[in-house]
Amino acid sequence: MSKVQNETGFLVRIISPDGELFRHTAVSLVCPAVDGYLGVLKNHAPMVAALDVGEILLRTPDDHIVSLAVAGGFMEVTRNEVLILCDAAEFKEDIDVARATRDLEEARERLSKKFSQVETERAEVALRKALNRLRVAQRGERSKLIE
């Protein structure tokens with residue numbers, strides 16, 4: 001761990017099946033756990049949490065806000081390091097709103113039809129993911145959420 005991390009924050013690593021998406025020092029982090037959103041600050045107690053579909057927000061030492069849409073996974077907090085292993089994640093700036101809108105419409109169409117329980121559950125998950133991506137992509141300034 002670098003001297004900067006020790007003095008100003010903690011290391012955050014976000015890894016998806018596509019590889020490491022993010023590695024940077026943060027001063028605060030908010031993640032969507034299955035039981036609600038969790039916040040992490042420097043010197044947080046060790047923990048492991050299952051993540052839900054939602055938005056990851058983190059603040060860097062230079063007050064830059066990073067926002068990602070995440071589709072579930074796990075978060076581990078240890079000794080001023082946070083490791084997030086996620087099923088899928090996209091930075092707010094990289095979300096294709098047109099594609100997310102199409103995904104939302106397709107999920108709604110599948111839900112309107114009579115399918116098996118498994119297919120219905122898959123359509124519901126696809127709907128939640130598409131709605132989350134659109135919500136993250138279309139939100140404004142976040143700084144007040146994690147001050």
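Trainee: What volume does the largest pocket have?
Mentor: This is a predicted model, where local features need pLDDT of at least 70, side-chain atom pairs count only at pLDDT 80 or more, and totals for chains, interfaces and linings use all residues. A pocket is an open set of points on a 1 Å grid over the protein atoms alone, where a 1.4 Å probe fits, with protein on both sides within 12 Å along at least five of seven lines. Points are joined across faces, edges and corners, and a volume is the space filled by probe spheres set on them. For the largest pocket, that volume is about 270 Å³.

Trainee: Which helix or strand gives the most to the lining of the largest pocket?
Mentor: Helices (H or I, at least four residues) and strands (E, at least two) are DSSP runs, numbered from the N terminus. Strands S6 (65-78) and S8 (89-91) each supply at least two lining residues, as do helices H2 (97-112) and H3 (117-138). With 6 residues, the top contributor is H3.

Trainee: How many residues line the largest pocket?
Mentor: Lining residues have an atom within 4 Å of a point. Asp-103, Ala-126, Lys-129, Ala-130 and Arg-133 lie nearest the centre, and the whole lining comes to 17 residues.

Trainee: And what share of the chain is buried?
Mentor: Residues are numbered from 1 along each chain as its sequence is written, and side-chain values use heavy atoms, without hydrogens and water. Buried means under 20% relative accessible area, with a 1.4 Å probe and protein chains only. Of the 147 residues in the chain, the buried share is 41%.

Technical notes: Buried means under 20% relative accessible area, exposed over 50%, partly exposed in between (1.4 Å probe, protein chains only).
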